[in-house]
Amino acid sequence: MTKEIISTEQMRAIDAACAGAGTPTRVLMENAGQAVVHAITDRFAPQPTAVLCGPGNNGGDGWVAARLLRERGWPVWVETLTPRDSLQGDSAEAARAFGGDVRALGDGAPAELYVDALFGAGLSRPLEGEALRLAQRLPAECVVAVDVPSGLDGDTAQALGEACFRAVLTVTFVRKKPAHVLMPGRVLCGEIVVADIGASDETVAAQHVALWENDPALWTLPWPDDDTHKHVRGHAVVASGGRARTGAARLSARAALRMGAGLVTVLSPTDAVAENAAQLTAVMLREVSEGAYADAARNAQALLIGPAFGTTNAHYDLLSSAINTNGRCPLVLDADAITLLSPLTHGLEADDVLTPHVGEFRRAFPGVLSASETRVDAARAAARYARCVVLLKGPDTVIAAPDGRAVVNTTGTAFLATAGSGDVLAGFIAGLMAQGMSGFDAACAGAWLHGRCGELAGPGLIAEDLSEILPAILNTLAPNRLRGGLLD
(Lines give C-alpha, C1' and ligand atoms only; values in the text may rest on other atoms or scores of the structure.)
Protein backbone atom coordinates (compact mmCIF):
# COMPACT_ATOMS: atom_id res chain seq x y z
CA MET A 1 0.00 0.00 0.00
CA THR A 2 1.32 3.43 -0.94
CA LYS A 3 1.91 6.16 1.61
CA GLU A 4 -0.42 8.92 0.44
CA ILE A 5 -2.05 10.96 3.18
CA ILE A 6 -5.57 12.02 2.25
CA SER A 7 -7.82 14.71 3.65
CA THR A 8 -11.31 14.01 4.96
CA GLU A 9 -12.74 15.67 1.84
CA GLN A 10 -10.67 13.39 -0.37
CA MET A 11 -11.89 10.38 1.61
CA ARG A 12 -15.49 11.40 1.01
CA ALA A 13 -14.72 11.75 -2.71
CA ILE A 14 -13.14 8.29 -2.75
CA ASP A 15 -16.24 6.79 -1.11
CA ALA A 16 -18.42 8.51 -3.72
CA ALA A 17 -16.17 7.33 -6.56
CA CYS A 18 -16.37 3.75 -5.31
CA ALA A 19 -20.15 3.96 -5.22
CA GLY A 20 -20.19 5.47 -8.71
CA ALA A 21 -18.02 2.61 -9.96
CA GLY A 22 -20.48 0.03 -8.67
CA THR A 23 -19.33 -0.75 -5.12
CA PRO A 24 -22.28 -0.01 -2.82
CA THR A 25 -21.48 2.11 0.23
CA ARG A 26 -23.05 -0.62 2.36
CA VAL A 27 -20.33 -3.00 1.11
CA LEU A 28 -17.66 -0.47 2.07
CA MET A 29 -19.23 -0.28 5.54
CA GLU A 30 -19.26 -4.05 5.87
CA ASN A 31 -15.61 -4.20 4.82
CA ALA A 32 -14.70 -1.48 7.33
CA GLY A 33 -16.43 -3.31 10.18
CA GLN A 34 -14.65 -6.54 9.24
CA ALA A 35 -11.31 -4.73 9.27
CA VAL A 36 -11.98 -3.39 12.75
CA VAL A 37 -12.83 -6.87 14.01
CA HIS A 38 -9.73 -8.41 12.46
CA ALA A 39 -7.54 -5.80 14.11
CA ILE A 40 -9.23 -6.33 17.49
CA THR A 41 -9.17 -10.12 17.47
CA ASP A 42 -5.54 -10.15 16.36
CA ARG A 43 -4.58 -8.17 19.47
CA PHE A 44 -7.12 -8.88 22.21
CA ALA A 45 -8.70 -11.91 23.82
CA PRO A 46 -12.50 -12.00 24.12
CA GLN A 47 -13.59 -9.68 26.92
CA PRO A 48 -16.62 -7.55 27.80
CA THR A 49 -16.73 -5.01 24.98
CA ALA A 50 -18.89 -1.94 24.48
CA VAL A 51 -19.16 -0.62 20.93
CA LEU A 52 -19.99 3.09 21.06
CA CYS A 53 -21.95 4.02 17.93
CA GLY A 54 -22.72 7.48 16.60
CA PRO A 55 -25.37 8.57 14.10
CA GLY A 56 -23.38 8.43 10.86
CA ASN A 57 -21.32 6.03 8.79
CA ASN A 58 -18.67 5.75 11.51
CA GLY A 59 -21.41 4.46 13.77
CA GLY A 60 -22.48 2.09 11.01
CA ASP A 61 -18.97 0.65 10.95
CA GLY A 62 -19.37 0.09 14.69
CA TRP A 63 -22.69 -1.73 14.30
CA VAL A 64 -21.04 -4.07 11.78
CA ALA A 65 -18.11 -4.67 14.11
CA ALA A 66 -20.44 -5.41 17.02
CA ARG A 67 -22.37 -7.97 14.97
CA LEU A 68 -19.21 -9.74 13.82
CA LEU A 69 -17.70 -9.79 17.31
CA ARG A 70 -20.93 -11.31 18.64
CA GLU A 71 -20.82 -13.95 15.91
CA ARG A 72 -17.33 -14.84 17.16
CA GLY A 73 -18.67 -15.36 20.66
CA TRP A 74 -17.46 -12.13 22.23
CA PRO A 75 -19.44 -10.63 25.12
CA VAL A 76 -20.38 -7.43 23.29
CA TRP A 77 -23.09 -4.82 23.40
CA VAL A 78 -23.77 -1.52 21.62
CA GLU A 79 -24.13 1.83 23.34
CA THR A 80 -25.70 4.16 20.81
CA LEU A 81 -25.81 7.93 20.76
CA THR A 82 -28.87 7.85 18.50
CA PRO A 83 -31.86 5.51 19.01
CA ARG A 84 -31.71 2.68 16.52
CA ASP A 85 -35.08 3.50 14.97
CA SER A 86 -33.85 7.06 14.23
CA LEU A 87 -30.90 5.96 12.13
CA GLN A 88 -30.99 6.31 8.36
CA GLY A 89 -29.35 4.79 5.31
CA ASP A 90 -26.53 2.27 5.58
CA SER A 91 -26.19 2.82 9.33
CA ALA A 92 -29.83 1.90 9.89
CA GLU A 93 -29.39 -1.29 7.88
CA ALA A 94 -26.23 -2.21 9.79
CA ALA A 95 -27.97 -1.54 13.12
CA ARG A 96 -30.95 -3.74 12.21
CA ALA A 97 -28.59 -6.64 11.52
CA PHE A 98 -27.19 -6.56 15.07
CA GLY A 99 -29.12 -8.96 17.28
CA GLY A 100 -27.45 -8.26 20.60
CA ASP A 101 -27.97 -5.93 23.55
CA VAL A 102 -28.42 -2.24 22.71
CA ARG A 103 -28.28 0.53 25.30
CA ALA A 104 -28.11 4.30 25.35
CA LEU A 105 -24.62 5.78 25.37
CA GLY A 106 -23.20 5.60 28.88
CA ASP A 107 -25.94 3.31 30.21
CA GLY A 108 -24.01 0.05 29.90
CA ALA A 109 -22.10 -1.73 32.61
CA PRO A 110 -18.36 -1.02 32.70
CA ALA A 111 -16.55 -2.77 29.85
CA GLU A 112 -12.96 -3.92 29.58
CA LEU A 113 -12.69 -2.77 25.95
CA TYR A 114 -14.45 0.11 24.21
CA VAL A 115 -14.75 0.47 20.43
CA ASP A 116 -15.10 4.17 19.66
CA ALA A 117 -17.30 4.42 16.56
CA LEU A 118 -19.02 7.65 17.57
CA PHE A 119 -17.61 10.08 15.01
CA GLY A 120 -15.06 9.78 12.23
CA ALA A 121 -12.35 12.05 10.89
CA GLY A 122 -14.84 14.51 9.43
CA LEU A 123 -16.30 15.68 12.74
CA SER A 124 -16.39 19.50 12.82
CA ARG A 125 -17.69 20.28 16.31
CA PRO A 126 -16.52 19.59 19.87
CA LEU A 127 -17.77 16.59 21.78
CA GLU A 128 -20.52 17.25 24.31
CA GLY A 129 -22.69 15.45 26.82
CA GLU A 130 -22.05 11.77 27.45
CA ALA A 131 -19.58 11.53 24.57
CA LEU A 132 -17.44 14.22 26.19
CA ARG A 133 -17.68 12.57 29.61
CA LEU A 134 -16.53 9.24 28.17
CA ALA A 135 -13.65 10.93 26.34
CA GLN A 136 -12.51 12.45 29.61
CA ARG A 137 -12.93 9.24 31.61
CA LEU A 138 -11.79 6.33 29.46
CA PRO A 139 -8.06 5.51 29.49
CA ALA A 140 -6.38 5.05 26.13
CA GLU A 141 -5.35 1.47 26.84
CA CYS A 142 -8.95 0.23 26.73
CA VAL A 143 -10.10 2.14 23.60
CA VAL A 144 -10.01 1.04 19.95
CA ALA A 145 -10.92 3.92 17.63
CA VAL A 146 -12.62 3.58 14.26
CA ASP A 147 -11.05 6.00 11.74
CA VAL A 148 -9.83 8.50 14.38
CA PRO A 149 -10.52 8.91 18.09
CA SER A 150 -13.79 10.83 18.35
CA GLY A 151 -13.33 14.55 18.91
CA LEU A 152 -10.06 14.64 16.97
CA ASP A 153 -10.09 16.72 13.79
CA GLY A 154 -8.99 14.44 10.96
CA ASP A 155 -7.33 17.24 9.01
CA THR A 156 -5.62 19.30 11.72
CA ALA A 157 -4.75 16.53 14.24
CA GLN A 158 -6.07 18.78 17.02
CA ALA A 159 -8.84 18.14 19.54
CA LEU A 160 -11.95 20.05 18.50
CA GLY A 161 -12.87 21.04 22.04
CA GLU A 162 -11.73 20.50 25.60
CA ALA A 163 -11.19 16.76 25.12
CA CYS A 164 -11.18 13.94 22.60
CA PHE A 165 -10.90 10.17 22.92
CA ARG A 166 -7.47 8.57 23.22
CA ALA A 167 -6.87 5.12 21.80
CA VAL A 168 -4.40 2.28 22.05
CA LEU A 169 -5.34 1.22 18.51
CA THR A 170 -6.91 3.11 15.61
CA VAL A 171 -8.23 1.37 12.50
CA THR A 172 -8.58 3.68 9.53
CA PHE A 173 -9.46 2.99 5.92
CA VAL A 174 -7.87 3.37 2.47
CA ARG A 175 -5.09 5.76 3.56
CA LYS A 176 -3.95 7.63 6.63
CA LYS A 177 -5.37 11.08 7.29
CA PRO A 178 -3.34 14.04 8.61
CA ALA A 179 -4.50 13.26 12.16
CA HIS A 180 -2.64 9.95 12.00
CA VAL A 181 0.76 11.51 11.24
CA LEU A 182 0.73 15.02 12.74
CA MET A 183 1.04 15.74 16.44
CA PRO A 184 -0.74 15.45 18.80
CA GLY A 185 -3.12 13.27 16.78
CA ARG A 186 -0.46 10.65 16.07
CA VAL A 187 0.01 10.00 19.79
CA LEU A 188 -3.73 10.07 20.53
CA CYS A 189 -4.33 7.38 17.88
CA GLY A 190 -1.93 4.80 19.35
CA GLU A 191 -1.08 2.01 16.95
CA ILE A 192 -2.52 2.75 13.51
CA VAL A 193 -3.81 0.09 11.13
CA VAL A 194 -4.74 1.10 7.57
CA ALA A 195 -7.29 -1.29 6.12
CA ASP A 196 -8.20 -1.90 2.49
CA ILE A 197 -11.97 -1.72 2.13
CA GLY A 198 -12.17 -1.89 -1.66
CA ALA A 199 -10.95 1.46 -2.98
CA SER A 200 -8.42 0.98 -5.76
CA ASP A 201 -5.09 2.79 -6.06
CA GLU A 202 -6.43 4.41 -9.21
CA THR A 203 -9.36 5.85 -7.28
CA VAL A 204 -6.95 7.36 -4.75
CA ALA A 205 -4.65 8.66 -7.48
CA ALA A 206 -7.58 10.50 -9.06
CA GLN A 207 -7.56 12.79 -6.00
CA HIS A 208 -4.14 14.18 -7.04
CA VAL A 209 -2.69 13.69 -3.59
CA ALA A 210 0.35 15.87 -2.83
CA LEU A 211 1.01 14.77 0.77
CA TRP A 212 2.78 11.57 1.77
CA GLU A 213 4.10 9.80 4.83
CA ASN A 214 7.87 9.52 4.51
CA ASP A 215 9.03 6.12 3.34
CA PRO A 216 11.95 4.67 1.33
CA ALA A 217 9.51 3.94 -1.51
CA LEU A 218 9.32 7.70 -2.13
CA TRP A 219 13.01 8.20 -2.91
CA THR A 220 16.02 6.31 -4.28
CA LEU A 221 19.32 6.42 -2.46
CA PRO A 222 22.44 7.09 -4.60
CA TRP A 223 24.19 3.73 -4.51
CA PRO A 224 27.66 3.62 -6.13
CA ASP A 225 28.45 1.60 -9.24
CA ASP A 226 31.10 -1.08 -9.04
CA ASP A 227 33.67 1.14 -10.79
CA THR A 228 32.89 4.30 -8.78
CA HIS A 229 35.70 6.42 -7.32
CA LYS A 230 35.50 9.07 -4.60
CA HIS A 231 35.24 12.05 -6.95
CA VAL A 232 32.17 10.57 -8.61
CA ARG A 233 30.47 10.25 -5.22
CA GLY A 234 30.54 14.01 -4.72
CA HIS A 235 32.19 16.63 -2.54
CA ALA A 236 30.35 18.14 0.43
CA VAL A 237 31.75 21.22 2.18
CA VAL A 238 30.73 22.19 5.71
CA ALA A 239 31.34 25.65 7.15
CA SER A 240 32.82 25.69 10.65
CA GLY A 241 32.38 28.28 13.36
CA GLY A 242 35.29 29.97 15.03
CA ARG A 243 37.47 28.83 17.92
CA ALA A 244 35.49 26.88 20.56
CA ARG A 245 32.52 26.68 18.14
CA THR A 246 33.68 23.85 15.90
CA GLY A 247 31.96 20.71 17.18
CA ALA A 248 28.71 21.23 15.29
CA ALA A 249 30.46 21.44 11.92
CA ARG A 250 32.43 18.28 12.66
CA LEU A 251 29.22 16.44 13.54
CA SER A 252 27.74 17.55 10.22
CA ALA A 253 30.87 16.67 8.26
CA ARG A 254 31.11 13.16 9.71
CA ALA A 255 27.41 12.66 8.97
CA ALA A 256 27.92 13.67 5.33
CA LEU A 257 30.88 11.30 5.04
CA ARG A 258 28.95 8.39 6.60
CA MET A 259 26.10 9.09 4.21
CA GLY A 260 28.39 8.32 1.30
CA ALA A 261 29.83 11.60 0.02
CA GLY A 262 33.17 10.75 -1.59
CA LEU A 263 34.90 13.82 -0.17
CA VAL A 264 34.00 16.07 2.75
CA THR A 265 35.83 19.26 3.66
CA VAL A 266 35.43 21.47 6.71
CA LEU A 267 35.91 25.13 5.82
CA SER A 268 37.50 26.61 8.95
CA PRO A 269 38.32 30.12 10.17
CA THR A 270 42.01 30.62 10.87
CA ASP A 271 41.57 30.71 14.66
CA ALA A 272 39.87 27.28 14.58
CA VAL A 273 42.14 25.40 12.18
CA ALA A 274 44.25 23.76 14.91
CA GLU A 275 41.15 22.86 16.90
CA ASN A 276 39.51 21.21 13.88
CA ALA A 277 42.73 19.54 12.72
CA ALA A 278 43.10 17.83 16.08
CA GLN A 279 39.71 16.15 15.62
CA LEU A 280 39.49 15.36 11.89
CA THR A 281 40.84 12.32 10.06
CA ALA A 282 39.01 11.25 6.89
CA VAL A 283 37.34 14.67 6.71
CA MET A 284 39.56 17.23 4.98
CA LEU A 285 40.25 20.73 6.30
CA ARG A 286 40.59 24.02 4.48
CA GLU A 287 41.42 27.37 6.03
CA VAL A 288 39.11 30.21 5.09
CA SER A 289 40.68 32.75 2.79
CA GLU A 290 39.27 35.51 0.60
CA GLY A 291 36.79 34.02 -1.82
CA ALA A 292 36.76 30.62 -0.09
CA TYR A 293 32.96 30.48 0.23
CA ALA A 294 32.33 31.45 -3.38
CA ASP A 295 34.96 28.93 -4.46
CA ALA A 296 33.33 26.18 -2.41
CA ALA A 297 29.91 27.09 -3.80
CA ARG A 298 31.25 26.80 -7.35
CA ASN A 299 33.27 23.61 -6.99
CA ALA A 300 31.57 21.43 -4.38
CA GLN A 301 28.38 19.45 -5.01
CA ALA A 302 26.78 20.56 -1.72
CA LEU A 303 27.62 23.32 0.77
CA LEU A 304 26.29 23.27 4.33
CA ILE A 305 26.35 26.53 6.28
CA GLY A 306 24.88 27.18 9.71
CA PRO A 307 25.79 24.82 12.57
CA ALA A 308 27.50 27.08 15.16
CA PHE A 309 28.58 29.26 12.22
CA GLY A 310 28.20 32.66 13.89
CA THR A 311 25.80 35.56 13.45
CA THR A 312 27.96 38.66 12.98
CA ASN A 313 27.95 40.96 9.97
CA ALA A 314 31.11 39.21 8.78
CA HIS A 315 29.31 35.87 8.87
CA TYR A 316 26.42 37.37 6.90
CA ASP A 317 28.85 38.55 4.24
CA LEU A 318 30.38 35.06 3.95
CA LEU A 319 26.94 33.47 3.68
CA SER A 320 25.85 36.03 1.08
CA SER A 321 28.96 35.39 -1.00
CA ALA A 322 27.99 31.73 -1.22
CA ILE A 323 24.33 32.39 -1.97
CA ASN A 324 25.11 34.93 -4.68
CA THR A 325 27.75 32.87 -6.51
CA ASN A 326 26.75 32.26 -10.12
CA GLY A 327 26.40 28.60 -11.05
CA ARG A 328 26.72 27.54 -7.42
CA CYS A 329 25.97 24.14 -5.93
CA PRO A 330 22.86 23.47 -3.81
CA LEU A 331 23.00 24.77 -0.23
CA VAL A 332 21.84 23.33 3.07
CA LEU A 333 21.15 26.24 5.41
CA ASP A 334 20.71 25.42 9.08
CA ALA A 335 20.84 27.10 12.49
CA ASP A 336 22.87 30.34 12.37
CA ALA A 337 22.50 30.65 8.59
CA ILE A 338 18.72 30.77 9.02
CA THR A 339 19.09 33.35 11.79
CA LEU A 340 21.32 35.50 9.56
CA LEU A 341 18.69 35.47 6.79
CA SER A 342 15.73 36.13 9.10
CA PRO A 343 13.26 37.40 8.22
CA LEU A 344 13.74 35.86 4.80
CA THR A 345 13.34 38.56 2.17
CA HIS A 346 14.40 36.87 -1.07
CA GLY A 347 14.08 33.52 -2.72
CA LEU A 348 16.78 30.88 -2.88
CA GLU A 349 17.05 28.10 -5.49
CA ALA A 350 14.75 25.11 -5.85
CA ASP A 351 17.32 22.54 -4.67
CA ASP A 352 18.44 24.53 -1.62
CA VAL A 353 17.22 23.18 1.72
CA LEU A 354 16.34 25.19 4.83
CA THR A 355 16.16 23.13 8.05
CA PRO A 356 14.59 25.31 10.77
CA HIS A 357 13.21 24.23 14.11
CA VAL A 358 10.01 26.01 15.17
CA GLY A 359 11.76 29.03 16.71
CA GLU A 360 13.94 29.55 13.65
CA PHE A 361 10.94 29.07 11.38
CA ARG A 362 9.02 31.80 13.20
CA ARG A 363 11.94 34.21 12.81
CA ALA A 364 12.50 33.37 9.13
CA PHE A 365 8.80 33.44 8.19
CA PRO A 366 7.02 35.79 10.64
CA GLY A 367 3.34 35.05 11.08
CA VAL A 368 3.24 32.06 8.75
CA LEU A 369 2.98 29.36 11.42
CA SER A 370 0.29 31.14 13.43
CA ALA A 371 -1.72 31.83 10.27
CA SER A 372 -1.57 28.19 9.12
CA GLU A 373 -4.03 25.49 10.11
CA THR A 374 -1.32 22.81 10.25
CA ARG A 375 2.47 22.49 10.10
CA VAL A 376 2.04 21.09 6.60
CA ASP A 377 0.32 24.29 5.49
CA ALA A 378 3.03 26.39 7.15
CA ALA A 379 5.90 24.47 5.54
CA ARG A 380 4.23 24.65 2.13
CA ALA A 381 3.69 28.39 2.44
CA ALA A 382 7.32 28.91 3.47
CA ALA A 383 8.64 26.76 0.61
CA ARG A 384 6.57 28.70 -1.93
CA TYR A 385 7.81 32.01 -0.56
CA ALA A 386 11.48 30.98 -0.24
CA ARG A 387 11.34 29.07 -3.55
CA CYS A 388 13.33 26.23 -1.98
CA VAL A 389 12.82 23.10 0.11
CA VAL A 390 11.81 23.74 3.72
CA LEU A 391 12.24 21.05 6.37
CA LEU A 392 10.33 22.11 9.49
CA LYS A 393 11.82 20.04 12.30
CA GLY A 394 9.87 18.49 15.17
CA PRO A 395 8.37 15.20 16.29
CA ASP A 396 6.28 15.45 13.11
CA THR A 397 8.92 16.87 10.77
CA VAL A 398 7.42 18.24 7.55
CA ILE A 399 9.37 18.54 4.30
CA ALA A 400 7.83 20.81 1.66
CA ALA A 401 8.87 21.66 -1.90
CA PRO A 402 8.12 24.93 -3.71
CA ASP A 403 5.71 23.09 -6.05
CA GLY A 404 3.43 22.09 -3.15
CA ARG A 405 4.59 18.52 -2.56
CA ALA A 406 4.91 17.72 1.13
CA VAL A 407 5.99 14.76 3.23
CA VAL A 408 5.46 14.10 6.94
CA ASN A 409 8.21 12.12 8.64
CA THR A 410 7.06 9.69 11.32
CA THR A 411 10.34 7.94 12.17
CA GLY A 412 12.19 9.07 15.27
CA THR A 413 12.10 9.14 19.04
CA ALA A 414 12.07 11.71 21.81
CA PHE A 415 15.71 10.82 22.48
CA LEU A 416 16.64 12.77 19.33
CA ALA A 417 15.92 15.93 21.35
CA THR A 418 19.59 16.33 22.24
CA ALA A 419 22.34 18.80 21.38
CA GLY A 420 23.88 18.23 17.97
CA SER A 421 21.09 16.04 16.59
CA GLY A 422 20.03 18.69 14.08
CA ASP A 423 23.65 19.17 12.96
CA VAL A 424 23.80 15.48 12.07
CA LEU A 425 20.53 15.73 10.14
CA ALA A 426 21.89 18.65 8.13
CA GLY A 427 25.03 16.63 7.39
CA PHE A 428 22.97 13.62 6.26
CA ILE A 429 21.10 15.85 3.81
CA ALA A 430 24.28 17.49 2.51
CA GLY A 431 25.91 14.09 2.02
CA LEU A 432 22.98 12.91 -0.09
CA MET A 433 22.86 16.11 -2.13
CA ALA A 434 26.59 15.82 -2.83
CA GLN A 435 25.82 12.47 -4.46
CA GLY A 436 23.26 13.99 -6.77
CA MET A 437 19.93 13.67 -4.94
CA SER A 438 17.53 16.57 -5.34
CA GLY A 439 17.09 18.81 -2.33
CA PHE A 440 13.57 17.52 -1.70
CA ASP A 441 14.47 13.83 -1.94
CA ALA A 442 17.64 14.33 0.12
CA ALA A 443 15.68 16.10 2.85
CA CYS A 444 13.07 13.32 2.90
CA ALA A 445 15.65 10.54 2.94
CA GLY A 446 17.84 12.31 5.48
CA ALA A 447 14.92 12.85 7.86
CA TRP A 448 13.77 9.22 7.58
CA LEU A 449 17.27 7.82 8.14
CA HIS A 450 17.92 10.24 11.01
CA GLY A 451 14.73 9.08 12.70
CA ARG A 452 15.57 5.42 12.21
CA CYS A 453 19.04 5.98 13.71
CA GLY A 454 17.34 7.50 16.75
CA GLU A 455 14.95 4.59 17.06
CA LEU A 456 17.78 2.08 16.88
CA ALA A 457 19.86 3.94 19.48
CA GLY A 458 17.06 4.50 22.01
CA PRO A 459 17.76 5.71 25.56
CA GLY A 460 21.17 7.22 26.14
CA LEU A 461 21.42 8.54 22.58
CA ILE A 462 23.88 11.37 21.95
CA ALA A 463 24.39 13.08 18.61
CA GLU A 464 27.73 11.36 18.01
CA ASP A 465 25.94 7.99 17.95
CA LEU A 466 23.79 8.78 14.93
CA SER A 467 26.46 8.64 12.23
CA GLU A 468 27.87 5.44 13.70
CA ILE A 469 24.47 3.73 13.61
CA LEU A 470 23.74 4.84 10.03
CA PRO A 471 25.73 2.08 8.22
CA ALA A 472 23.60 -0.66 9.76
CA ILE A 473 20.44 1.02 8.48
CA LEU A 474 21.89 1.73 5.04
CA ASN A 475 22.91 -1.92 4.87
CA THR A 476 19.26 -3.00 5.14
CA LEU A 477 18.34 -0.72 2.21
CA ALA A 478 21.30 -1.44 -0.06
CA PRO A 479 21.10 -3.63 -3.17
CA ASN A 480 22.26 -7.18 -2.48
CA ARG A 481 25.49 -6.66 -4.39
CA LEU A 482 26.51 -3.88 -1.99
CA ARG A 483 25.47 -5.35 1.33
CA GLY A 484 28.17 -5.98 3.89
CA GLY A 485 28.21 -8.18 6.95
CA LEU A 486 30.45 -6.51 9.52
CA LEU A 487 28.07 -3.60 10.20
CA ASP A 488 24.77 -5.55 10.37
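This is a predicted model: local features need pLDDT of at least 70, side-chain atom pairs count only at pLDDT 80 or more; totals for chains, interfaces and linings use all residues.
Trainee: Why is Leu-211 called buried?

Mentor: Buried means under 20% relative accessible area. Leu-211 has 10%, so Leu-211 counts as buried.

Trainee: Where does Leu-211 lie?

Mentor: Leu-211 lies in strand E8, residues 211-213.

Trainee: Which residues does Leu-211 touch, leaving out those up to four places away in sequence?

Mentor: Contact means heavy atoms within 4.5 Å. Lys-3, Glu-4 and Ile-5 are among the residues touched. The list also holds Val-376, Arg-380, Ala-406, Val-407 and Val-408.

Trainee: How far apart are Leu-211 and Gly-451?

Mentor: In sequence, 240 residues separate Leu-211 and Gly-451. In space, the C-alpha to C-alpha distance is 19 Å.

Trainee: Which residues cover each face of E6?

Mentor: Leu-169, Val-171 and Phe-173 are on one side. Thr-170 and Thr-172 are on the other. These residues are all buried, and both faces are covered.

Trainee: How do you know that E5 and E6 pair?

Mentor: Two strands pair if DSSP finds at least two bridges between them. E5, residues 143-146, and E6 have 3 bridges, so they pair. The sense is parallel. One example is Val-144, whose bridge partner in E6 is Leu-169.

Trainee: What makes E6 and E7 a pair?

Mentor: The test is at least two bridges. E6 and E7, residues 191-195, have 5 bridges, so they pair too. Again the sense is parallel. Thr-172 has Val-194 as its bridge partner in E7.

Trainee: What is the volume of the largest pocket?

Mentor: About 600 Å³. It is lined by 24 residues, and the closest to its centre are Asp-15, Asn-57, Asn-58, Gly-120 and Asp-147. Helices H1 (8-20), H2 (25-43) and H3 (57-71) each give two or more residues to this lining.

Trainee: How does the lining of the largest pocket divide by class?

Mentor: There are 11 nonpolar, 7 polar and 6 charged residues.

Trainee: How much space lies in the second largest pocket?

Mentor: About 460 Å³. Of its 20 lining residues, the closest to the centre are Gly-394, Pro-395, Thr-397, Leu-416 and His-450. Helices H16 (421-434) and H17 (439-457) each give two or more residues to that lining.

Trainee: How many residues of each class line the second largest pocket?

Mentor: The lining has 6 nonpolar, 12 polar and 2 charged residues.

Key:
Residues are numbered from 1 along each chain as its sequence is written. Side-chain values use heavy atoms; hydrogens and water are left out. Helices (H or I, at least four residues) and strands (E, at least two) are DSSP runs, numbered from the N terminus. Buried means under 20% relative accessible area, exposed over 50%, partly exposed in between (1.4 Å probe, protein chains only). On a 1 Å grid over the protein atoms alone, a cavity is a set of points where a 1.4 Å probe fits but cannot get out, and a pocket is an open set with protein on both sides within 12 Å along at least five of seven lines; lining residues have an atom within 4 Å of a point. Grid points are joined across faces, edges and corners, and a volume is the space filled by probe spheres set on the points. Ala, Val, Leu, Ile, Met, Phe, Trp, Tyr, Cys and Pro count as nonpolar, Asp, Glu, Lys and Arg as charged, and the others, Gly among them, as polar.
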